[in-house]
Amino acid sequence: MSSFFSVTDTDLTTDRLILRSWTSGEATAVLAGARPAHWAQDFPAEGDHVIAGLFAEHPSWLGEYGHRQIIERDGGLVVGSIGLFWPPDDGTLEIGYGIVTSRRGRGYAPEATRALAEFAFSAPGVHMIHANVELSNPPSIRVLEKVGFQRSHTDTEQNTARFVLKAPPMAHQ
């Protein structure tokens with residue numbers, strides 16, 4: 001299986017994106033309402049505020065297998081975030097992602113999700129990744145399907161579906 005990304009230090013680089021780990025300073029900037037010049041005009045989105053507020057409670061989310069900003073290689077703008085909810089639970093990780101409205105429809109979410117999922121399977125003992133998606137969000141469902149996630153079940157009471165991606169053979173040890 002060929003890699004969809006390359007690793008430089010802890011950055012993951014795809015054809016068009018860099019997935020760079022959040023720093024505590026960036027999380028503080030989000031919570032303080034700062035507007036650094038390297039952020040897309042509509043970054044951070046609501047979900048980024050939520051995640052930034054949880055870093056103090058979950059410091060491992062700032063680690064190598066945690067949450068990352070999605071950065072356009074051309075121009076260097078932060079256009080979203082993606083993350084793994086570390087540590088794994090019995091070999092399974094949850095993934096979450098979001099692209100700001102101004103950059104949607106460009107294929108960034110599947111590109112970032114594919115790269116982070118492949119990277120997650122390089123972690124010892126990780127054999128499955130899952131994502132929970134609201135049924136009212138068909139674009140997010142399409143992202144997961146493009147990457148190869150399969151619907152495992154639907155919770156009609158919560159109006160959500162769980163999608164899973166299993167590690168390819170020989171990806172985990």
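Reader: A crossing is left-handed if the near helix is turned anticlockwise from the far one by less than a right angle, and right-handed if clockwise. Which is it for α3 and α4?

Author: Right-handed for α3 and α4. Helices here are DSSP runs of H or I with at least four residues, strands are runs of E with at least two, and both are numbered from the N terminus. This is a predicted model: local features need pLDDT of at least 70, and side-chain atom pairs count only at pLDDT 80 or more, while totals for chains, interfaces and linings use all residues. Residues are numbered from 1 along each chain as its sequence is written, and side-chain values use heavy atoms, with hydrogens and water left out.

Reader: At what angle do α3 and α4 cross?

Author: Roughly 45°, and the axes of α3 (residues 108-120) and α4 (residues 138-147) come within 9 Å. Axes are lines fitted to C-alpha atoms, for helices over the stretch in contact, and angles run from 0 to 180 degrees between N-to-C directions. The two helices are therefore oblique to each other. Under 35 degrees counts as roughly parallel, over 145 as roughly antiparallel, 65 to 115 as roughly perpendicular, and the rest as oblique.

Reader: Which residues meet there?

Author: A109, P110, T113 and R114 of α3 meet V143, K146 and V147 of α4. Contact means heavy atoms within 4.5 Å.

Reader: And how do α1 and α2 pack?

Author: At about 125°, with axes 9 Å apart. The crossing of α1 and α2 is left-handed. A27, V30 and L31 of α1 touch D48, H49, A52 and G53 of α2.

Reader: Where is R35?

Author: In the loop between α1 (24-32) and α2. R35 is partly exposed, at 43% relative accessible area. Buried is under 20%, exposed over 50%, partly exposed in between (1.4 Å probe, protein chains only). Leaving aside neighbours within four places in sequence, R35 contacts A40, Q41, F43 and P44.

Reader: New topic. How many aromatic pairs are there?

Author: Six, in a search of the whole structure. Rings of Phe, Tyr and Trp (its six-membered ring) pair if their centres lie within 6.5 Å; planes under 30 degrees apart are stacked, over 60 edge-to-face, the rest tilted.

Reader: Why is the pair Y65 and W86 stacked?

Author: Because the planes are at 15°, with ring centres 4.8 Å apart. The pair links distant parts of the chain, 21 residues apart: Y65 is in the loop between α2 (46-54) and β4 (67-72), W86 in strand β5 (residues 78-89).

Reader: Buried or exposed, Y65?

Author: Buried, at 15%. W86 is partly exposed, at 22%.
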